[in-house]
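Let's take a friendly walk through this structure, one group of residues at a time. Have the sequence and the 3D view open as you read.

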Amino acid sequence: VIRLDLRPVIQAGGQPCDQVMEAVGRLSPDMKLVLIAPFEPKPLYTLLAKRGFIHQVKPLGQGDWEVTFEAAPDGVVPELPEDVSCATHDCLGSGS
C-alpha cells in the first residue's frame, strides 16, 4: 500500500497532482494507493478509471476523505464517473 496524505500540500496552496501520478506509476498490479484529501477528489476518479483503476471512497468527517485506488480485476472495466472536468494542473478538483 502506498499512502499519501494530501491535506498538508493542499492546505499550503500546492497542487499534489505530480505526487499522486508518481505514486500511481510506482503501483504494481497487486498494490493499492490510499489518498487522504480535505475534499472528495472526483476528477481523479475519472482520470484513474481511464488508466484501469477502480476506487472506494470513505468520508472521514470534518470534510476529509479517504480514497483507495487499485487496479481493476481482470475482466472488469472501471466505471467512468459522471463527466467531471479535470484540468491538467488540478487533477483533484477545487474542492468547492
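## An aromatic pair

A search of the whole structure turns up one aromatic pair. Its partners are Tyr45 and Phe69, whose rings sit 6.3 Å apart centre to centre, with 55° between the planes, so the pair counts as tilted. Tyr45 belongs to helix α3 and Phe69 to strand β4, so the pair ties together parts that are 24 residues apart in sequence. Please keep in mind as you look around that this is a predicted model.

Are the two partners buried or exposed? Tyr45 has a relative accessibility of 5% and therefore counts as buried. Phe69, at 1% relative accessibility, counts as buried too.

## The nonpolar core

Phe69 also has a place in the largest nonpolar core, which has 17 residues. Within this core, Leu33, Leu35 and Phe69 touch the most other members. Several elements contribute: β1 (2–5), α2 (17–26), β2 (32–37), α3 (42–49) and β4 each supply at least two of the core residues. As background, nonpolar side chains tend to be buried together in soluble globular proteins.

Which residues is Leu35 in contact with, leaving aside its neighbours within four places in sequence? They are Leu4, Leu6, Val20, Leu44, Trp65, Glu66, Val67 and Phe69.

## Helix α3, largely enclosed

Tyr45 leads us back to α3. Six of the eight residues of this helix are buried, so α3 is largely enclosed by the rest of the structure. The buried residues are Pro43, Leu44, Tyr45, Thr46, Leu48 and Ala49. They pack against α2, β2, β3 and β4.

## The two sides of helix α2

In α2, the buried residues are Cys17, Val20, Ala23 and Val24. Because they cover an arc of only 130° around the axis, they lie on the same side of α2. Turn to the other side of the helix and you will find Asp18 and Gly25, which are exposed.

What covers the buried residues of α2? The cover includes β1, β2, α3 and β3 (53–61). Val20, one of these buried residues, is also among the contacts of Leu35.

## Glu66 and its partner Arg3

Now for the charged side chains. The whole structure holds five salt bridges. In one of them, Arg3 pairs with Glu66, and the closest N and O atoms are 3.5 Å apart. Arg3 lies in strand β1 and Glu66 in strand β4, so this pair ties together parts that are 63 residues apart in sequence. The side chains of Glu66 and Arg3 also make a polar contact, at 3.5 Å.

How accessible are these two residues, buried or exposed? Arg3 counts as exposed because its relative accessibility is 53%. Glu66, in contrast, counts as buried, with a relative accessibility of 16%; the cut-off for buried is under 20%. Glu66 is part of strand β4, which covers residues 64–71. Not counting residues up to four places away in sequence, Glu66 touches Arg3, Val34, Leu35, Ile36, Gln56, Val57, Lys58 and Leu60.

Arg7 takes part in two of the salt bridges described here. With Asp5, the side chains meet at 2.6 Å, N to O. Arg7 is partly exposed, with a relative accessible area of 24%, and Asp5 is partly exposed as well, with a relative accessible area of 38%.

The other partner is Asp64, whose salt bridge with Arg7 has its closest N and O atoms 2.9 Å apart. Asp64 lies in strand β4 and Arg7 in helix α1 (residues 7–11), so this pair ties together parts that are 57 residues apart in sequence. Asp64 counts as buried because its relative accessibility is 14%. Elsewhere, salt bridges that share partners join Arg3, Lys58 and Glu66 into one network.

Key:
Residues numbered from 1 in each chain as written. Predicted model: local features only at pLDDT ≥ 70, side-chain atom pairs only at ≥ 80, totals over all residues. Heavy atoms only, no water. Helix = DSSP H or I, 4+ residues; strand = E, 2+ residues; numbered from the N terminus. Polar contact = N/O pair within 3.5 Å; in protein donor to acceptor, adjacent residues only side chain to side chain. Contact = heavy atoms within 4.5 Å. Core = buried A, V, L, I, M, F, W, Y, C linked by side-chain atoms within 4.5 Å. Buried < 20%, exposed > 50% of the residue type's maximum accessible area, 1.4 Å probe, protein only. Arc of directions from axis to C-beta. Phe/Tyr/Trp six-rings, centres within 6.5 Å; stacked < 30°, edge-to-face > 60°. Salt bridge = Lys/Arg side-chain N within 4 Å of Asp/Glu carboxyl O.
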